[in-house]
Amino acid sequence: MTTFEMVKRAVIGRRLRTPLVCGVVVALLLCSLAIGARAETRGFPLPGLSPATSGAGDVLSFLGYPRPINAGNPPTPVDLTNTQYGFIFNEYLAFVQGTAGAFSQTLSPTLTANYTIPGRIAFGNVRGSLRPEIPDDKNSLTGLYIPTPPFILQWPLASLLTTPGGVSYTGYVAASVDGAGTSLGFNGYIQTPQFRDNVLESVMDAGNGVQVRQEVRLLRSKARMTWTITNTDAQPHAVILQFALPHYGAEGYVEPRGGFSRRAALFSGANVPSELRLVSERVNPEFHAVYQFTGFGATRPDQVFVSEGAFYAGETFRLPNPTAISTLTVAAVGVYWNLGSIPAGGTRTVVTYFGNGAATEDPSRDLVVGTEATESLFFNTQAALTPGAPNATLADAARFLSPRPFTIFGAVYNQTLQIPGQEVVFNNVTMSVTLPQGLRFATDPATGVADTTSKSVGEVRGDSEGTAQWLVEPTGDRYGALNYILTVSAPPVPPRTVSRVINVPATPLKTVTAADFQLISFPFAFDPALSNNGDASTVLSGITQPADPPQPRIFEYLNNPDQPYRFAARVQPGNAYFYKPAQDKTIFLKGAVPISSQAPLNGDAVPFQRTLSPGWNMVGNPYVYEIPLGFLRFARPENVTQSFGFAEAVTAGLVRSGFFFYRGGGNYDFLQSSFDPLTPWVGYWVFANTPVVLIFTTPPQLNSAILPSSTTGGFEPTRKAGALASRSAFVKNPTMDEWKVQLVARNQQGSEDGATLMGVSRQAKDGDDVRDLPKPPAFRDYVYIGIERDDVKTRYAQDLKAPGSSKSWNLELISDQAGPVTVTWPNTAVLPRRLRLKLTDLETGKSYDLRRSSAISVNVAKETPHRFRLTADNAPSSPLAISSMRTVTTKGSGGGYSIDFELTRSAAVTGRVLTLNGKVVRTLAVGRAATAGRNTLRWDSRSQEGGALPAGPYAVEITARDDDGGVATRRATVLMLR
């Protein structure tokens, strides 16, 4: 058995959740931590101390491990005399840096493990959290400690482990200098680790005259790693810095707003996430590692590679190779900064953060503000099968949530030192919590008084922290990702805030309105007996008052042009329906319980699947927790084992690139970003190009679970803006090669459709491509404007073409109510000035310049298409000019005049008549729209007041202004006779 196989078996079997030390060791740890105030930083310097007192023995003692330590099978003492380490720790986190020496460990009579020390680093949890429910263990964040046979020791002794069967390791920092990889420390320390001013500092030789100064500073549960790379050589050198750590307790990672994954991944450039969490499982993962790549002065990496642990084992510098790894069992992370060529005498600085992910923190330079609370509330099925009372309210939903109440913790750590002249003491420190709708302060059972928003912390001295806590409970009127805010006031520095998400599952209560149809889904399975196998009348009627009619107005889509909709006999998770109750009410679904496999307490979840038909499908999130689009998988029915992510499925031509949701009044919006969540209770339209299996993988929320019930058998969501409401569907800085125009239709009944976009893109083509987005069919109470395409029957919400001189789109306007419909184009003001847009009513032949008007109104017959054509042209490149100007007498001597002129391009024209000394006597036009070519103004030879003007010479002046800012002026003389 290789070392990594032993590691995998030991770690996966235990999840590293068991206590690692006996009671005596725990007592040692508590004694060592009682030396200073909470979060006080401690370290151990090496210079001037012998290896026997500055080596592993001190590391073990200070961190609460036995000294001497016995290991192996059977256990025998391990000789650590000749090892040497530097280390730094506080109440939350420890960092150990190997500097010299080696040791051996007998794992069995036939197997010996050898440990190499120099150049290796390790991070370990000391306490890690303020929450009492998190186990008070000392599991490592990077190394490995197995307290039962074979007693592998790598944490807290940072090292490289080799056995006849393989290798294992803690972590390391390495550099590539001019393409040659070398592990820092292997070439020797210029300065061995020294603890001073709360920083563990060392300087290492990376080769070719390149030196790396490493500074490690602990900021509550995170370490700030700072590397200063200096080229002391006379020649420039190209340097790449690498930070590589294994995570033996982690089988995968969680991306922000993404989800848990066991797939190897390479993130580059702008795709590098702001943070990366390594977790062993989705349930109870509070003890886990987190990387902070951006913010707080961090240097964004060029690449981050999440790989199988063996990829970096035993190596020094190694570039990522994503084709070499697929599924993770022991995760490792390599972080890379390409520093380019550093000139002679030049320096580069890299900063990153790593540590325990239990808290949300702001590690600013003076104060560190942190907060903790459970990541997700549980859904309690024990409450799910109790029938709802008549006239149930959303407040009844709170009983489905656990824990209730729960605690929010706040902390503030003063980074200054407890050294005279360097310590800054903060007095009158206060903390306050702002809760979102859906959470409220709970009543303390000991006092009978509700908790309050503000707490006094008082004095916070240097290198110590103050804490506070609040008792909170859900109110029952919101679900989804709820953000609370912790604010710390510590004069004289400005207030600091951090926010944290608590994920609240949906419950069987939902407010519905009789004013309009709702596109709705049901994120539950239904108890067969209580719901008659999900019968819609049983589920929706007779549970809350007033009851629906015997046949509820709930419809499902058939994707059949002859009968597109029908009454739904059953409601099922994963499907969506149009529903309109007889009266406004809160429904309380009978027999509704979550799909238990979506968030198991133990083991792997079985993903829910739904087969999509070619064309439009109405779907819904089958789970009580939100899931982002990027966490959906798509597969061809003949090969379900090979699945695609959402973006991959769009590129592969399986589905179109938007999930539409209904805002009411006939109006749609859509989701496109992989981070956009599918919300429970909300229905969506998705267009499949071919039969495809939609796989709803396990919800990504940390700490989410379904508490099992011993028996058999809504909230209002936080509003999520779609691509139209958030403006992400539009081009941020339009150019002639990248632009979109929006059309909005609205009828007298208030129904509106704004989901119609046309434009050009360098990534698009004139024919069908993945950037073109079909539009869901209309249902009832609607106005609908869609883009017609010759090659398909469905209408389109978005059609982008390749850039070019002239483009056109055919449109169809239809309403289920006869009467006037207003069409507007609200975003033309931000489009390129050279762009000319014209809307032609094909029923009347009349055209409208979208630059010179903002709306039109047309009368439509009920459910009868009214067609338009939109054309887009580039303005001529020639400048605006007036030519061929002449005046012609129209009524003989002393009569009126016709002033003819030609324009090189469309413009707004102003015409004036002046005396020869410049006095204006008549205005003929002000900003009148004129087209390119021949134009005419008329003058009746009278003054502005209508009186006769005396005979004599006059000047006629024409001024033209175009949309690009061009101005042209021309004059002609008129001799008026009487």
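## Close-up views

**View 1. Asp849 and its salt-bridge partner.** At 26% relative accessibility, Asp849 counts as partly exposed. Everything here and below comes from a predicted model. Asp849 meets Arg852 side chain to side chain in a salt bridge, at 3.5 Å from N to O. Arg852 is partly exposed too, with a relative accessible area of 35%.

**View 2. Ser202, tucked into strand S14.** Ser202 sits in strand S14, which covers residues 199-207. Is Ser202 buried or exposed? Ser202 is buried, and its relative accessible area is 0%. Its side chain still finds a polar partner: the side chain of Gln97 makes a polar contact with it at 3.1 Å. Setting aside neighbours within four places in sequence, Ser202 also touches Tyr189, Gln191, Thr192, Pro193, Val212, Arg213 and Gln214, besides Gln97 itself.

**View 3. Glu201 and Arg213, a salt bridge from strand to strand.** The closest N and O atoms of Glu201 and Arg213 are 2.9 Å apart, and the two form a salt bridge. Glu201 belongs to strand S14 and Arg213 to strand S15, so to speak two distant parts of the chain, 12 residues apart, that this pair links. How does burial look on each side? Glu201 counts as buried, with 9% relative accessibility, whereas Arg213 counts as partly exposed, at 31%. Arg213 is also one of the contacts of Ser202.

**View 4. The open sheet around S14 and S15.** Which strands make up this sheet, and in what order? There are 9 strands, arranged as S13-S14-S15-S16-S25-S22-S21-S18-S19, with antiparallel pairing. The edges are strand S13 (189-196) and strand S19 (260-261), each of which pairs on one side only. Further in, strand S15 (residues 210-219) and strand S16 (residues 222-231) pair in the antiparallel sense over 10 bridges. Look for Val210 in this pairing: its bridge partner in S16 is Asn231.

**View 5. Phe123 and the largest nonpolar core.** As a rule, nonpolar side chains in soluble globular proteins tend to be buried together. Here, the largest nonpolar core holds 59 residues, and the ones touching the most other members are Phe123, Trp227, Ile229, Phe243, Leu276, Leu278 and Tyr291. Strand S24 (residues 331-342) supplies the largest share of this core, with 6 residues. Another core lies apart from it, made of 55 residues, among them Ala397, Leu486, Ala506 and Phe524. Back at Phe123, the contacts beyond four places in sequence include Phe95, Leu141, Trp155, Met225, Phe243, Leu245 and Phe354. Phe123 is also in contact with residues including Ser140, Thr142 and Gly143.

**View 6. Glu423 and Arg461, a salt bridge from loop to loop.** Glu423 and Arg461 form a salt bridge, with their closest N and O atoms 3.1 Å apart. Where do the two partners sit? Glu423 is in the loop between strand S30 (406-414) and strand S31 (426-434), while Arg461 is in the loop between strand S33 (454-460) and strand S34 (464-474). The pair links distant parts of the chain, 38 residues apart. Glu423 is partly exposed, at 24% relative accessibility. Arg461 is partly exposed as well, with a relative accessible area of 36%.

**View 7. Stacked aromatic rings.** The count of aromatic pairs comes to 45. Phe87 and Phe89 form one that is stacked, at 6.2 Å centre to centre and with 20° between the planes. Both Phe87 and Phe89 are buried. Tyr897 and Trp939 have ring centres 5.6 Å apart and planes at 25°, so this pair is stacked too. Tyr897 lies in strand S71 (residues 897-903) and Trp939 in strand S74 (residues 933-939), so the pair ties together parts that are 42 residues apart in sequence. Tyr897 and Trp939 are buried.

**View 8. Ser878 in its loop.** Ser878 is found in the loop between strand S69 (866-874) and strand S70 (882-889). Ser878 counts as partly exposed, at 32% relative accessibility. Leaving out neighbours within four places in sequence, its contacts are Thr904 and Arg905. Ser878 and Thr904 are 26 residues apart along the chain, with their C-alpha atoms separated by 7.3 Å.

Note on methods. Residues numbered from 1 in each chain as written. Predicted model: local features only at pLDDT ≥ 70, side-chain atom pairs only at ≥ 80, totals over all residues. Heavy atoms only, no water. Helix = DSSP H or I, 4+ residues; strand = E, 2+ residues; numbered from the N terminus. Buried < 20%, exposed > 50% of the residue type's maximum accessible area, 1.4 Å probe, protein only. Polar contact = N/O pair within 3.5 Å; in protein donor to acceptor, adjacent residues only side chain to side chain. Contact = heavy atoms within 4.5 Å. Core = buried A, V, L, I, M, F, W, Y, C linked by side-chain atoms within 4.5 Å. Pairing = 2+ DSSP bridges. Salt bridge = Lys/Arg side-chain N within 4 Å of Asp/Glu carboxyl O. Phe/Tyr/Trp six-rings, centres within 6.5 Å; stacked < 30°, edge-to-face > 60°.
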